[in-house]
Amino acid sequence: MGGKNTLPMEALREVFAQTGCTKVSTYIQSGNVVFMAPTARLKNLSAELSSKIRSKFGFEVPIILRSASELHAACRQNPFLKAGMPEAALHLMCLKDAPTSTAVAQLDVNRSPGDAFVVKGRDIYLHCPSGLARTKLTNAYFDKALKTTSTVRNWRTVLKLGELLLAL
């Protein structure tokens with residue numbers, strides 16, 4: 001979240017609590033929320049949260065959820081980390097939906113020279129040595145090409161979210 005549609009994290013925590021989530025906490029002012037919820041609640045939770053935010057605050061916010069096990073798996077499976085790339089250049093893009101193999105095959109690996117990406121399921125691992133501000137591997141590019149919605153976090157934030165989930 002950011003730009004013109006600012007949502008205070010306290011208000012975001014309240015929205016999650018209103019949907020039956022417990023142990024709700026946020027990390028930095030960018031929409032990172034960790035929480036507990038019964039598995040049965042997860043099926044419609046994203047849509048319910050989006051609806052509550054839209055009706056309460058008047059704007060659309062995509063909600064992309066990952067379970068603790070999914071986030072921890074993503075942390076373990078980063079191919080760039082395994083290849084020894086510096087963490088400061090690494091990011092994780094989470095997709096709302098898994099892309100088709102056809103859509104993934106059509107992505108342009110040379111779109112942003114010097115940068116690289118690897119798609120694994122609903123995650124895209126990014127290596128952007130010059131930073132996200134200079135890459136052409138943007139949310140808009142992947143969202144359009146893969147027909148989904150995405151959000152991206154730097155690797156330090158991904159690891160911190162993993163730690164917060166362990167503390168729940």
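A: Of the 168 residues of the chain, 39% count as buried, where buried means under 20% relative accessible area with a 1.4 Å probe and protein chains only. This is a predicted model, in which local features need pLDDT of at least 70, side-chain atom pairs count only at pLDDT 80 or more, and totals for chains, interfaces and linings use all residues. Residues are numbered from 1 along each chain as its sequence is written, and side-chain values use heavy atoms, with hydrogens and water left out.

Q: Which residues are buried in helix H3?

A: In H3, residues 68-76, the buried ones are Leu71, Ala73, Ala74 and Cys75.

Q: And what do they pack against?

A: The buried residues of H3 pack against helices H4 (79-82) and H7 (155-166) and against strands S3 (90-95) and S5 (123-127); contact here means heavy atoms within 4.5 Å.

Q: Changing topic, how many helices and strands are there?

A: The chain has 7 helices and 6 strands, taken as DSSP runs numbered from the N terminus, with helices being H or I of at least four residues and strands E of at least two. Along the sequence the pattern reads α-β-β-α-α-α-β-α-β-β-α-β-α.

Q: What share of the contacts joins residues at least 24 apart?

A: Among contacts between residues at least 6 apart in sequence, the share is 62%.

Q: What box do the C-alpha atoms fill?

A: Along the principal axes, the C-alpha atoms of the chain fill roughly 45 × 30 × 30 Å.

Note on methods
Buried < 20%, exposed > 50% of the residue type's maximum accessible area, 1.4 Å probe, protein only.
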